[in-house]
Amino acid sequence: MNENTEPVVLALTGQMPFVVIASSIAAFVISLSALWFYRRAVLKAMSRCIGTGKFPNVSAATDRSIKHTEDLGELSLLVSGTDAEFSSPGNSILKRAHRFTRRNALIYTMAGVVFTLIITVAVLWSSGITILSVRFLMVFWVYGWPVVLTLGFLAAYSRRELLQMYGGYFAGLVLLSVWALTRSINLTLEQIVLLWAITNLPPTFLMYAFLARPIRAVGPLVLVLMLTSITGAVLALALVDSNESLLRIIVGFTFEVGLNALITFFAILMIGFLLFGMLGWFLLGFIRRGYLSKRLNDESIMLDAIWLLFAVFASMGLAFEGIWWTLSGIVAFISFKLVVNTGFRFATHSPQVSTTSAQLLLLRVFSLGKRSENLFDPITKLWRYIGNVNLIAGPDLVTTTVEPHEFLSFVSGGLNRLFISGADDMQQRMSDLDEVADFDGRFRIHDFFCYADTWKLALTSLVKRCDVVLMDLRGLCPKNNGCVYELNELINAAPLQQVVLVIDNTTDYSFLENTLKQMWQDIRADSPNISLSVAKIN
């Protein structure tokens, strides 16, 4: 190591870890705070009435078009368990969704293998260690940990499946460790554990700092801003520290205006932070444009953040082996992206890819809170390979489904532009609805932000547009007037064979059944269900 390389090594092994760690922690804190303000702002807007007076009088229309009760068939609720036909793995729709899930998992796995191969070769070659089969497989398996993390995000639909993936990985690590220990008298179990811990624990902990479930929707975006801003602060301090004449000019000016040494120090940091923060904001704009143009989506942004983080830590680990070896992480990440892009470009031209979007409308009791997320995540993870998910924004999922352009609109003060202001606005949004799959075959989630006097208008439009309606009625009770209105709209406007209700022991079943039967007796004459001899709701 010569004098010219020492500053670079110091930056990679000292300053860069600080920047990454500080940025990840800051991203967690800022994301959590920002989402709290975002949720508060959305709920405040949702409670407002804009009072344009341009909305149709739905109740009046209902009163004028009652069907005579003697002509109606019978309405019944079909209560099914979790093994119902619509949730069976044999269902053709689910087969298609699982097929696309496996395809995407395979593409990312291949990209991860290429990434890991490059890092493994770089680690062994740079240290001058003879590349033997056992040694190569051991190092490869250790550095392949982010493949498992990626598969967990892509293909695990429950905590049990996630633990099975982790268990499979560590079982393989144990078997390789036993094999390696029997082949080498110098290798110890402590060395294997230490290698895995040093390589994977820091980036894994930091990954969960900005991809924790409460902030996952915006964590990567805030991380980009924090990385650039904190890097700017560190570089500004390093620049001043390495240039004595510049330091004298700055100190002379600050002392002249009455600032002490501590304030001068923080002023230098703040100037660098703000200047590079502008660069970070530009990068966020680039991500926003990529998202709107469908070159990026929520999942690709999250996975890119994971692999870039592990690439940075791999580069830092190679810093002492030579400056050029530190580029291995960047080369590995670029190769990862090339394989991903090539894989999806090939998959897009596959005859099995469908361009038809089946619209799912998700309705629910807003007071469910976290329980909504627990149902929303596994269902939408599968359904988004089938079609779009549409929902009226509510307090339970507003921070879960926030998209990059929506969050950036909030940060830039344009949140009100997301809200539906009237019938013409709703009609325009429905005509502009994005029904084209992203590059990875996944369709998008559409949030409809509504004021207190526009959500009924949005509901009517969405019920008519959607192919399937899933309504989560866990926790339903007589005070849920909004859900009662939604059920009435489903009876009158949605084919009942396309409606699924989710209930459990917290649902007031008697109230639900009586309410539906009364609605059935008051059904409108223009309802698609009017001619059913027997009406059934799952």
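Contact here means heavy atoms within 4.5 Å. The model is predicted. Its chain has 538 residues, and 48% of them count as buried. The secondary structure comes to 18 helices and eight strands. Among contacts between residues at least 6 apart in sequence, 84% join residues at least 24 apart.

**Helix α13**

- Helix α13 covers residues 370-383 and has 14 residues.
- From first C-alpha to last, α13 reaches 20 Å, close to the 20 Å expected at 1.5 Å a residue.
- A kink of about 30° lies at Phe376 in α13, shortly before Pro378.
- Phe376 is also one of the buried residues of α13.

**The open sheet**

- Six strands form an open sheet, with parallel pairing.
- Their order is β4-β5-β3-β2-β6-β7.
- The edges are β4 (419-420) and β7 (499-502).
- Each edge strand has a single partner, so one side of each is left without a neighbour in the sheet.
- Within the sheet, β2 (residues 360-364) and β6 (residues 468-472) run parallel and are joined by five bridges.
- Leu361 stands opposite Val469 in β6.
- Helix α17 (residues 481-493) packs on the sheet and touches β2, β6 and β7.
- The direction of α17 makes about 155° with that of β6.

**Nonpolar cores**

- In soluble globular proteins, nonpolar side chains tend to be buried together.
- The largest nonpolar core here holds 81 residues.
- Tyr38 and Phe407 touch the most other members of that core.
- Helix α11 (residues 298-317) gives the most to this core, with twelve residues.

**Around Tyr38**

- Leaving out residues up to four places away in sequence, Tyr38 touches Val398, Thr399, Val402 and Glu406, among others.
- Phe410, Leu415 and Phe449 are also touched by Tyr38.

Methods: Residues are numbered from 1 along each chain as its sequence is written. This is a predicted model: local features need pLDDT of at least 70, side-chain atom pairs count only at pLDDT 80 or more; totals for chains, interfaces and linings use all residues. Side-chain values use heavy atoms; hydrogens and water are left out. A nonpolar core is a set of buried Ala, Val, Leu, Ile, Met, Phe, Trp, Tyr and Cys residues joined through side-chain atoms within 4.5 Å. Buried means under 20% relative accessible area, exposed over 50%, partly exposed in between (1.4 Å probe, protein chains only). Helices (H or I, at least four residues) and strands (E, at least two) are DSSP runs, numbered from the N terminus. Two strands pair if DSSP finds at least two bridges between them. Axes are lines fitted to C-alpha atoms, for helices over the stretch in contact, and angles run from 0 to 180 degrees between N-to-C directions. The expected span of a helix is 1.5 Å times one less than its number of residues. The bend at a residue is the angle between axes fitted to the seven residues ending there and the seven starting there.
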